[in-house]
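Here is a short briefing on one protein chain. Look over the sequence and the structure first, then read on.

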Amino acid sequence: MSAAKNAKKYESATIVNNHFDTDGIMSVFALLEPEKAEEYREIMIKAAAAGDFEEWGIDDDGVMLDFAFEALAEQAGSDEKAYELIIPQVESLLENYESRSDLWGEAMSLANAALERVDDGTVIVDRLEDQRNKFIHAGVDVGDIGILIHPPGCPETPGIVLSRVFPWFLRGMGKGVSRHLLCYEQEDGKFRYEYERPRYSWVVTETRPKIPKPDNNLILENLEEEWTGKDLSCMTGICRTSKPISMPPLEVAKKLQTLERGLMPSLMPRISGI
């Protein structure tokens, strides 16, 4: 009786969203077609993670579907028109996305090319471990820093490829990273840097390791003037250089990790009245 009453109550409900993205269209579709959404639950979650967290899972399915929705949204020209255009196509795309290379093919080729540059060593992958035993006074880990070094003229590595290079689930095994340091070498040998948390960590989820947001302003206060918090490339950005600097990547990673560690609050008990 209660279920029937609730069903009738929401029969004519209006569904709204203030922006368009893949997880948004998945949410709207789930409310409009809950039984169909349950049928396609797995691929819908993968697509939402690809769109919201720039996450490339163990297969290409979610990324392909996300690229397809983004291509259609670009054709639509606005968020409102995107919903009008895509809602009628969602079920068909969920069922046949693999055959829609006309929508996802170009973006998928660019992603695969970026991954190939990592695989063949054009983009160098390194890691700085967080030696927590040296800083036992601190309350939480800074975590390992994943370092990606791009040679001069090399395109930037997209977020979905970062998620393949440094998968979040490895952190639960003690092998993941809590920071990315993206390094872009210039023709004169200097580097441009971007420092960030993993792209998923802007929100807390049930499955991914929680990575607390640091005090970005406090970090910047303790860095040189070449570092800024403006025009960061993602929501989990911490800081970047406003111009190339001469310090090499591993030294920059060590500096940032040591700085963050030093700014963390102590867990040592405070004794008042002394």
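A residue is called buried under 20% relative accessible area, exposed over 50%, and partly exposed in between (1.4 Å probe, protein chains only). This is a predicted model, in which local features need pLDDT of at least 70, side-chain atom pairs count only at pLDDT 80 or more, and totals for chains, interfaces and linings use all residues. Residues are numbered from 1 along each chain as its sequence is written, and side-chain values use heavy atoms, with hydrogens and water left out.

**The chain as a whole**

- The chain holds eleven helices and six strands. Helices (H or I, at least four residues) and strands (E, at least two) are DSSP runs, numbered from the N terminus.
- The chain has 274 residues, and 42% of them count as buried.
- Its exposed surface comes to about 15,700 Å², with 51% supplied by carbon and sulfur atoms. Such areas come from the Shrake-Rupley method with a 1.4 Å probe; for residues, only the protein chains shown count as cover.
- Contact means heavy atoms within 4.5 Å. Take the contacts between residues at least 6 apart in sequence: 64% of them join residues at least 24 apart.

**Nonpolar cores**

- In soluble globular proteins, nonpolar side chains tend to be buried together.
- A nonpolar core is a set of buried Ala, Val, Leu, Ile, Met, Phe, Trp, Tyr and Cys residues joined through side-chain atoms within 4.5 Å.
- The largest core here has 46 residues. Ile25, Trp56, Leu65, Phe69, Ile86, Val90 and Leu94 touch the most other members.
- Elements giving two or more residues to this core include α2 (22–32), α5 (61–76), α8 (101–119) and β3 (179–185). The largest share, ten residues, comes from α5.
- Which residues does leucine 94 contact, leaving aside neighbours within four places in sequence? They are Met26, Phe29, Tyr40, Ile43, Met44 and Leu65.

**Pocket and cavity**

- Both are found on a 1 Å grid over the protein atoms alone. A cavity is a set of points where a 1.4 Å probe fits but cannot get out; a pocket is an open set with protein on both sides within 12 Å along at least five of seven lines. Lining residues have an atom within 4 Å of a point.
- Grid points are joined across faces, edges and corners, and a volume is the space filled by probe spheres set on the points.
- Of its 17 lining residues, Glu55, Trp56, Gly57, Ile58 and Trp168 are the closest to its centre.
- The largest share of the pocket lining, three residues, comes from α4.
- There is one cavity of 30 Å³ or more. The largest cavity has a volume of about 120 Å³, and its 16 lining residues include Ser163, Phe166, Pro198, Arg199 and Tyr200, the closest to its centre.
- α9 gives the most to the cavity lining, with three residues.

**Two residues with positive phi**

- Glutamate 54 has a positive phi of about 50°, although it is not a glycine. It is found in the loop between α4 and α5. With a relative accessible area of 26%, glutamate 54 is partly exposed.
- Aspartate 231 is not a glycine either, yet has a positive phi of about 55°. It is found in the loop between β5 (227–228) and β6 (237–241). Aspartate 231 counts as exposed, at 66% relative accessibility.
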